[in-house]
Structure formats: structure tokens, C-alpha cells
Amino acid sequence: MAEPTTSNEWIRWAMLLVFVAMLLGIPNSSPWFGLVFVYLIVAGLFIVGSMLWTALRSQRAAAALRRTPPTRALQTREVKALEWFGQPERIAWRMPRGNAIDLVGATQAAGRHPVVRTLRGPYRVMVRGQHHERHDFIGEVEVLMLPGADRYVRENNEADVLLCGKFAVVLALNGAWRIDQAPSLLR
């Protein structure tokens with residue numbers, strides 16, 4: 001499985017160390033002390049820019065997936081499994097993005113006749129906020145990995161997904177995990 005640290009995380013730590021070195025190394029009476037504030041502004045712009053770039057890339061990937069032809073219609077057994085995972089007592093399972101996701105609402109947001117699309121690509125994890133806000137990706141599309149699916153992740157994956165806005169709910173993964181079998185495995 002992919003490592004949750006990213007190169008941006010290392011860059012942010014290096015930027016923090018440079019800032020502390022500048023803050024402690026340049027006396028406040030020096031005319032060069034203004035560089036500390038310029039550095040803060042540039043670092044802030046870099047962080048905001050990387051967040052916007054990630055969001056834009058995720059939206060573009062979801063739009064590209066939306067343009068692909070659907071594989072099949074969403075089946076009744078999958079809708080029942082989404083409802084099972086969407087029950088309030090299972091809310092802790094639905095928080096990889098830092099907030100609760102209403103799976104029943106996501107199914108409704110997928111349209112009147114929700115369709116399943118096939119998503120192919122490598123799996124990666126991006127963690128923000130000291131490991132509190134986890135984002136899973138297959139290819140460039142952000143996916144919601146329900147419990148049990150992570151055991152069947154490979155380097156290159158093929159997943160049946162339900163696209164819900166800018167993220168996708170994984171319904172089947174690599175021919176080994178299906179959402180309708182998952183509730184019986186977790187009881």
C-alpha cells in the first residue's frame with residue numbers, strides 16, 4: 001500500500017525550518033528582517049496554491065471519469081449495501097475526508113438512474129492535517145474506500161465506482177471485493 005506522506009509535506013517542513021532559521025538568525029534591528037515577512041507571504045501563497053492545484057486536479061479527473069461511458073446500471077444489492085454503510089452508527093467509517101459523507105444522499109446525487117463506471121489506475125493516499133484528513137485516490141480520482149476494500153488494493157487497480165460529484169464511491173475492487181459482500185465480512 002502507498003505511503004501516506006507526500007513530497008508537499010516534506011516541502012512544508014523544510015519551509016518551516018527555513019522560516020525558523022530566518023526568524024532566529026536575522027536580528028530584528030537588521031534591514032534584512034523584512035525578508036522574514038516576505039518569506040511568510042510566499043510560503044502562504046505556495047501552500048494555498050498547492051491546495052487549489054490538488055482540488056482542481058481532482059475536479060478535472062472526476063469530470064474526465066464522468067465523460068467515460070458507463071459500465072452498467074447501479075444494482076439493487078449495491079444500493080442496499082450503500083444504505084447499510086450509510087446508517088448513523090457507522091459514521092466513523094465514513095470519515096476519510098475529514099467529514100461525514102451521507103452515502104444515501106451521495107447515491108441520490110449521482111442522478112435518477114445512477115450508473116457504474118470503471119476506474120483504472122494506481123492507488124495512492126494523501127494525508128493532511130497530521131493524519132486526520134485522509135484522501136484516497138485511484139488514478140487521479142478521489143475515492144471513498146469503504147472498510148475491507150483496502151485489503152485488496154494493488155499497484156494497478158480496476159474499480160467499479162459510483163461517481164458522486166467530485167469523488168467516487170468504490171463498489172467493487174480488482175474482482176476480489178464487492179460492496180454487497182462487505183457488510184457480512186464486518187459483522
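**Reading a predicted model, feature by feature**

User: Let's start with Asp160. Is Asp160 buried or exposed?

Analyst: Buried: its relative accessibility is 18%, and the cut-off for that label is under 20%. Keep in mind that this is a predicted model.

User: Which residue does Asp160 pair with in a salt bridge?

Analyst: The general idea is that side chains of opposite charge can pair when their charged atoms come close. Here the partner is Arg72, with 3.6 Å between the closest N and O atoms. Arg72 sits in strand E1 (residues 72–73) and Asp160 in strand E5, so this pair ties together parts that are 88 residues apart in sequence. Arg72 itself is partly exposed, at 24% relative accessible area.

User: How many salt bridges does a search of the whole structure find?

Analyst: Seven. Glu140 is in the loop between strand E3 (133–138) and E4, while Arg57 belongs to helix H2, so parts 83 residues apart in sequence are tied together. Both ends are partly exposed: Glu140 has a relative accessible area of 36%, and Arg57 has 30%.

User: Which residues are linked with Glu140 in a network of salt bridges?

Analyst: Arg57 and Arg124. The Arg124 side chain meets that of Glu140 at 3.5 Å, N to O. Arg124 comes from strand E2 and Glu140 from the loop between E3 and E4, so this link spans parts 16 residues apart in sequence. Arg124 is partly exposed, with a relative accessible area of 24%. While you're there, look at Phe137: Arg124 lies over the face of that ring, 4.1 Å from the ring centre.

User: On to the nonpolar side. Which residues touch the most other members of the largest core?

Analyst: In soluble globular proteins, nonpolar side chains tend to be buried together. In this model the largest nonpolar core has 37 residues, and Val170 and Leu173 touch the most other members. Helices H2 (34–67), H3 (76–85) and H4 (103–109) each give two or more residues to this core, as do strands E2 (115–128), E4 (141–144), E5 (156–164) and E6 (167–173). E6 gives the most, with six residues.

User: What is Leu173 in contact with, leaving aside its neighbours within four places in sequence?

Analyst: Among its contacts are Ile138, Met145, Ala149, Tyr152, Val153 and Ala159, along with Asn157 and Glu158. There's also a second, separate core of eight residues, including Met15, Met22, Ile26 and Tyr39.

User: How do I read H2, and which of its residues are buried?

Analyst: An α-helix has 3.6 residues a turn, so residues three or four places apart point the same way. With that in mind, walk along H2 and pick out the buried positions: Val36, Tyr39, Ala43, Ser50, Thr54, Ser58, Ala61, Ala62 and Leu65. As for its length, H2 has 34 residues and reaches 50 Å from first C-alpha to last, close to the 50 Å expected at 1.5 Å a residue.

User: Last one. How many aromatic pairs does the search find?

Analyst: One, across the whole structure. Phe33 counts as buried at 17% relative accessibility, whereas Phe37 is partly exposed at 47% relative accessible area.

Conventions
Residues numbered from 1 in each chain as written. Predicted model: local features only at pLDDT ≥ 70, side-chain atom pairs only at ≥ 80, totals over all residues. Heavy atoms only, no water. Core = buried A, V, L, I, M, F, W, Y, C linked by side-chain atoms within 4.5 Å. Buried < 20%, exposed > 50% of the residue type's maximum accessible area, 1.4 Å probe, protein only. Helix = DSSP H or I, 4+ residues; strand = E, 2+ residues; numbered from the N terminus. Contact = heavy atoms within 4.5 Å. Salt bridge = Lys/Arg side-chain N within 4 Å of Asp/Glu carboxyl O. Expected span 1.5 Å × (residues − 1). Phe/Tyr/Trp six-rings, centres within 6.5 Å; stacked < 30°, edge-to-face > 60°. Lys NZ or Arg CZ within 6 Å of the ring centre and 35° of its normal.
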